[in-house]
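I wanted to get to know this one by looking things up piece by piece. Here is my notebook, starting from the model itself.

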Amino acid sequence: FAALNGSGFPVLKVNSRGIAEARKGSGKYKNFLHAVKQSNIDACLAVRDIWELKVGRDASYVLSNVLYSNPKEVGLLIRTKFGKEWNFICHSMEEATELCLGLATVVRSQRAMRDQDPVRARILDMWLTADSDGSGSLSLKELSVILARMNVSVSQKALTSTFKKFDADNSGTLEFDEFVRFFIAISEREELRGLFRKYAVDENIGIRREAFYRFLRHEQIEEPHNPVELATGPANDLFVQIAGEGNTSISFFQFCLFLTSATRNSALDPDVVGCVADPMDYPLHEYFIDSSHNTYLSGDQLQSESKVDMYSRALLAGCRCVELDCWDGPNGDPIVYHGYTRTTKIRFADIIEAVKKHAFATSPFPVILSLEVHTSYEQSVTMSKVLRSVLGPMLLLPTDAAFATYTPHSLQHRVLIKWKMNPEEPDDDKEGQPASPDADTAAQGAASSPLQKQKGCSELSSIVTCGAHKTKDFGATAKPYHIQSFTETKVEEFAKKCPEDFTRQNMRMMSRIYPKGSRINSSNYDPMLSWSLGCQVVALNYQTWDEPMRLNDGFFQRNHRCGYVLKPAYLRQASSHVSPVISKHKILRDVRPGALTLKVTVMLGSQLPKPDNSSKGEVVDPYVVMRVLSPVAGTQRNMTPLKTHVVENNGFSPAWTGPTATATFSFVADLEMTVLAVDVFDKDLNIDDHLCTSFIPIVALRRGYRSVPLRVASTGEVLPFSSILCHFALEAV
């Protein structure tokens, strides 16, 4: 921690040309903790922006091309949440590790404070950003800059008047306590005054504990509590969090912050997304499994860079099935890349090391390695040895007892290999491999053609526990551990010609779906159709944050993002015929499609970002669009989305009222399979900017006044302080 407490040690900062420039740790590391002058903001690396730390000479392209002067020197990559990379050289692995541990400790402490006290965290975050000269106070100019960054539009005359109002000591600057009072004033939402008065003793006293419990029961449709539970249960804990320890009532400011907080008043039910709610003792083929296609690619399918990091990122995000396209590499060392393209190549062994390290960091449930094997017999044997030696007991073998039960619970912390169980059977390769861009590409790593029949490798087949199986009877003779791959276009064909047969097949075995070959830009297909037919492994291009990937991310929020979601009973058991039921307080799950009505009223926005979460640019003019996405044929096409009016020049506290802010969605759908899509746009003269987004499974949607959590639409970055406050009502017809 010496690098952060002032004693420091020398490091080298590497610019984009790979030239190292000396930076003294004791002086320069202050930039990690404090803002610098606004004019030099791009030279500042703030702790709150750190997204990833990586040590090694191959940690980044820049570091891999640096000429190191000492064999002990090691590279350090710091990547921000905005995608910017900072490259450093430390004089030893010990110093790099010390710096990483120090930074990680500070990042974790900041995030813990944000989770425990989001209001204080937000005020402190804005204060540090606004105090650009580090003086400990804010000038009128600094306040003007931070307000523009916060998407607040105010005239210079009004700003000057407001500044003087809160400058209690007439010092010409705002001290921290004065800034806190300013923040409270701009955060109170008059639109909520009527609801507050309904439960408050009066304006000054606020809402007492018993009245708050009535609010939870009547407005938020939460479970009733007996007196004992009220004194010690979740409702009491929530009251204390809002009012503060020792306080007996909730003020109007606290009430506003609570309602507009996507942390304390999230539209997502914590009983559905905050824990593993589904039973995990059914066979794997009865679950939807979060899956990635061509996991190694960081961009398009023809020329992008292959990265081991892509496996780490996917696994840490909850993905449970990753893909490896395996080819012969130099010196008998197998490689992974998109065959016969200009994509770069990475070592098979490096990927398996990354899998071992990250497979169960986020979820304990099994990881499937989907192998597409184009290697020679000799290198296939090498792959088998690497899998056995690196993974050790993590590798599931057909002789293991857990293979007999084949459930997520029994297979916790185990890695399954998907390939063919019989080495003499045809491989379950993809259809339509891309053609070679030029004649030379084929010679740059792979020794065999994807169309050439490979010699069977019994050593590799002996460790397969997810067996490729080309069924000819819709899985009638298949085992639960069998799996067959289909392109997205084949699923569309099944949906038109034989949906019932294909759905029954997915009750007996697994299906893996992947994008069609023409998606060379790594775009994604809509996964909803495949899910509606019971397909388990619906593989998407994780590197592309488009709408299908956003839908996938929202769908797998359930079960604490463990990567497994139990399929509805009617997709697991042909005899299941249950009608949708919604109790007074809870949505009951495992039901067949039925008639439902969802009424949504969009009310308020809070701290919405600028396009791409930029700190620069004009104040946004936001509007909200909501859609219900359902697998039932015709629902998406026939349902009119909700589209609010535009609020001009206000991204900090926009309010929507009137008929455009309310919509009633009536649809025939399964609660388990239907998703509410929420998108916020910035009205522009040409093309409207997509600011932020959220995809909420209807089964996880809480009723009452709830705040929708948001992510940056272009990157998926979580926006912890941004939300859309809505009122939700869901009823069975």
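**Ground rules.** I am working with a predicted model, where local features need pLDDT of at least 70, side-chain atom pairs count only at pLDDT 80 or more, and totals for chains, interfaces and linings use all residues. I number residues from 1 along each chain as its sequence is written, and side-chain values use heavy atoms, with hydrogens and water left out.

**Whole chain.** I looked up the secondary structure and got 27 helices and 26 strands. Here helices (H or I, at least four residues) and strands (E, at least two) are DSSP runs, numbered from the N terminus. Of the 733 residues, 55% count as buried. Buried means under 20% relative accessible area, exposed over 50% and partly exposed in between, with a 1.4 Å probe and protein chains only. I also checked contacts (heavy atoms within 4.5 Å): among those between residues at least 6 apart in sequence, 69% join residues at least 24 apart.

**Aromatic pairs.** How many aromatic pairs does the structure hold? I got 27. Rings of Phe, Tyr and Trp (its six-membered ring) pair if their centres lie within 6.5 Å; planes under 30 degrees apart count as stacked, over 60 as edge-to-face and the rest as tilted. I picked F179 and F182: their ring centres are 6.2 Å apart and the planes sit at 35 degrees, so this pair is tilted. Both belong to helix α9 (residues 176–187), and being three residues apart there puts about one helical turn between them. An α-helix has 3.6 residues a turn, so residues three or four places apart point the same way. Buried or exposed, I asked of F179? F179 is buried at 1% relative accessibility, and F182 is buried too, at 4%.

**More on α9.** The buried residues of this helix are E178, F179, F182, F183 and S187. I checked the length of α9 as well: its twelve residues should span 16 Å at 1.5 Å a residue, and the end C-alpha atoms are 16 Å apart, which agrees. The expected span is 1.5 Å times one less than the number of residues.

**A second pair.** W531 and F556 are edge-to-face, with 6.1 Å centre to centre and 80 degrees between the planes. W531 is in helix α23 (residues 528–532) and F556 in the loop between α24 (547–555) and α25 (558–561), so the pair ties together parts 25 residues apart in sequence. W531 is buried at 1%, and F556 is buried at 3%.

**A cluster.** I noted one aromatic cluster formed by F196, Y199, F212, F215, F239, F252, F255 and F258.

**Charges over rings.** The test is NZ of Lys or CZ of Arg within 6 Å of the ring centre and within 35 degrees of the ring normal. K345 lies over the face of Y337, at 4.4 Å from the ring centre.

**Strand β23.** How many of the residues of β23 (675–682) are buried? Eight of its eight are. V675, A677, D679 and F681 cover one side, and L676, V678, V680 and D682 are buried on the other. For partners, two strands pair if DSSP finds at least two bridges between them. Strand β20 (residues 622–629) pairs with β23 in the antiparallel sense over eight bridges, with R627 opposite A677. Strand β24 (residues 689–697) is also antiparallel to β23, joined by eight bridges, and there C692 is the bridge partner of V680. β23 and β24 form a hairpin with six residues between them.
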